[in-house]
Amino acid sequence: MLPRIADSLSFLYLDIVRIVQDDTGVCAEVTTPQRGTETVYLPTAALSCVLLGPGTSITARALSTLARHGTTVLATGSGGVRCYAATVPESLSTTWLEPQARAWVDDTTRLAIATAMYEQRFGHGSAPPESGLAKLRGLEGQRIKAHYRLLAQQHRIGRFRRNYDPDSWDTQDPVNLALSSANTCLYGIVHAAVLSLGCSPALGFVHSGNQQAFVYDIADLYKAELTIPLAFSLHSSPQPEADARRGFRDGLRLFRLLPRIVTDIQRLLAPEQDITAPEPEEQLVDLWDPISGALPGGVNYADGEGL
């Protein structure tokens, strides 16, 4: 049995290597002047995502094996901080994409999921009944500002204002630099989990108009616990971006982020479904029916013997 995405290793980052397929499996060839070329085999069936950093090349056969095992492959910047391109495994089913799409096109269901996201972040009952998205956004802004204010007092920073300006990157304070860096890492991990489940990263419920809208939705669930406290703890760091990436990576082990992402996505999209039940075996492509919902594929539905 192949491991489920929630049980898989979160990701494997590689750079300055050549990834090939040999008679045994997929391996990374690492070449150094001191040791020559060394071969490291990759546990493809237990990897949810492979991040290919600068200086990495991969053969078509190796890429096909990763896709066959359901492993998402991302082309990233140094340290896995930027995501430039992604390949979605062809073998992924639409088990979670279909409820996501149905909920996204229905305004009532979309608002219910957006409300559930806010309640998960700020506690049950934090979203007043019949709240519209405008009111929820306002409540979110108030709570985030209060969270910033509390952390600033704890670290004796003084007044803090969140500022993200790519055009004036080097002029920002260490907390803003660390927070932007850690959030970008968080987006990469969430993006990998979303793609590995077969969901669309573009169909967001709170965010909209971007190919990573759903990624931003899910990432927001964890910032208050993971990236924001980390950024404030680096207020005096001389290298806040690098320290944030390292601290985020270390925090992932304790936070067990990937299983939480998978469980949260499933509960949000199908709150009535028992997600602890065993996953069904992979099915052949079904046929859509407006009454039955789905019919088995590979069946001749002609009446009688036909011609």
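Strand β2, residues 18-21, and strand β3, residues 26-32, pair in the antiparallel sense over four bridges. Two strands count as paired if DSSP finds at least two bridges between them, and helices (H or I, at least four residues) and strands (E, at least two) are DSSP runs, numbered from the N terminus. A hairpin of four residues leads from β2 to β3.

Before I continue, a word on the source. The model is predicted: local features need pLDDT of at least 70, side-chain atom pairs count only at pLDDT 80 or more, and totals for chains, interfaces and linings use all residues. Residues are numbered from 1 along each chain as its sequence is written, and side-chain values use heavy atoms, with hydrogens and water left out.

To return to the strands: β3 is also joined to strand β4, residues 36-41, by six bridges, and these two run antiparallel. The hairpin between β3 and β4 has three residues.

Because Arg 18 lies in strand β2 and Glu 29 in strand β3, the pair ties together parts that are eleven residues apart in sequence. As to exposure, the terms are buried for under 20% relative accessible area, exposed for over 50%, and partly exposed in between, with a 1.4 Å probe and protein chains only. Arg 18 is partly exposed at 42%, and Glu 29 is partly exposed at 25%.

How many salt bridges does the structure hold? There are seven. Another of them joins the side chains of Arg 35 and Glu 38, at 3.7 Å from N to O. Arg 35 is exposed, with a relative accessible area of 63%, whereas Glu 38 counts as partly exposed at 31%.

I turn now to the helices. Arg 121 forms a salt bridge with Glu 140, the closest N and O atoms being 2.6 Å apart. Since Arg 121 lies in helix α3, residues 107-122, and Glu 140 in helix α4, this pair ties together parts that are 19 residues apart in sequence. Is Glu 140 buried or exposed? Glu 140 is buried, with a relative accessible area of 17%, while Arg 121 is partly exposed at 21%.

Helix α4 spans residues 133-154 and contains Arg 149. Together with Lys 145, Arg 159 and Arg 161, Arg 149 gathers in a patch of positive charge on the surface. Patches are made of residues with over 30% relative accessible area and no salt bridge, like charges being joined within 9 Å and nonpolar side chains (Val, Leu, Ile, Met, Phe, Trp, Tyr) within 5 Å.

Finally, the backbone. Ile 16 has a phi near 55°, a positive value in a residue other than glycine. Ile 16 sits in the loop between β1 (12-14) and β2, and is exposed at 63% relative accessible area. Arg 156 also has a positive phi, near 55°, and is not glycine. Arg 156 is found in the loop between α4 and α5 (174-197), and counts as exposed at 79% relative accessibility.

Notes
Accessible areas come from the Shrake-Rupley method with a 1.4 Å probe; for residues, only the protein chains shown count as cover. A salt bridge is a side-chain nitrogen of Lys or Arg within 4 Å of a carboxyl oxygen of Asp or Glu. Lys and Arg count as positive and Asp and Glu as negative; His and the chain ends are not counted. The place of a charge is taken as NZ of Lys, CZ of Arg, CG of Asp or CD of Glu.
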